[in-house]
Amino acid sequence: MKITYYGHATFGVEVNGKHLLFDPFITYNELATQVDVNTIPADYIFLSHGHQDHIADAVAIAKRTGATVVSSFEIVDWVGKQGIANVHPMNTGGKKTFDFGWIKCTVAQHSSSFPDGSYAGNPMGFIVSTSDKTFYYAGDTALTLDMQLVPKWAKLDVALLPIGDNFTMDYKDAAMAADFVECNKIVGLHYDTFGYIKIDHKTAVEYFKEKGKELILLPIGESISI
Ligand code: NI
Ligand code: MN
């Protein structure tokens, strides 16, 4: 499985020959100017919630690639009204098997509205389980005891967790989340993009190391194989 970081909360995951894309926000990300939004591959686009910094490029990429958009009923309805026919609506607690493996939508403690302020359903995260690797993409969320349920459903190889504080949990809470989900390999997301969420990388990485965990902060545009 190959994980590519496109900045902010945007990841591409290549697994079992399919390209999964999470929360595409590239065009308006000043830190991601080296990423070409027009060449990012996608067979599936997962959207954790309706905030602009998670869905800004979703419709354009879905149009270009024909990818299936998977998200809450409300978000799928919203992309559908913009001409995207290839969609799959879900909600928190739901599980669905696709051609790459299965996904389960998890509870995220956050909010979810569209850029115009209208209701976008419940925010969510995703457990993605495949015959290759299994991972958890938490989305924007506070630390929540709900995360203790994750290992009851899946044995994770890696967890993608927000660490930027202010709008989500910080890196210390993310280390606790790593305990809850029983996974010591963490890839950070939702940090540095805006002034509110700038973090000191070294401090965060060292904190994880002290706890016997690994925090991976991928440079934008770079990939790791797991
Ligand atoms: Ni958000
Ligand atoms: Mn966000």
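Q: Which residue in β11 is the bridge partner of Tyr136?
A: Ala159 is the partner in β11. It's a predicted model, where local features need pLDDT of at least 70, side-chain atom pairs count only at pLDDT 80 or more, and totals for chains, interfaces and linings use all residues. Residues are numbered from 1 along each chain as written, chains are lettered from A and ligands numbered from 1 in the order written, and side-chain values use heavy atoms, without hydrogens and water.

Q: How many bridges join β10 to β11?
A: Three, between residues 134–137 and 158–162, and the two strands run parallel. Strands here are DSSP runs of E, at least two residues, and helices are runs of H or I, at least four, numbered from the N terminus.

Q: And what's the strand order in that sheet?
A: β7-β8-β9-β10-β11-β12-β13, open and with mixed pairing; strands pair if DSSP finds at least two bridges between them. The edge strands are β7 (95–98) and β13 (214–216).

Q: Which helix lies across β10, β11 and β12?
A: α5 (171–181), at about 145° to β11. Contact means heavy atoms within 4.5 Å; axes are lines fitted to C-alpha atoms, for helices over the stretch in contact, with angles from 0 to 180 degrees between N-to-C directions.
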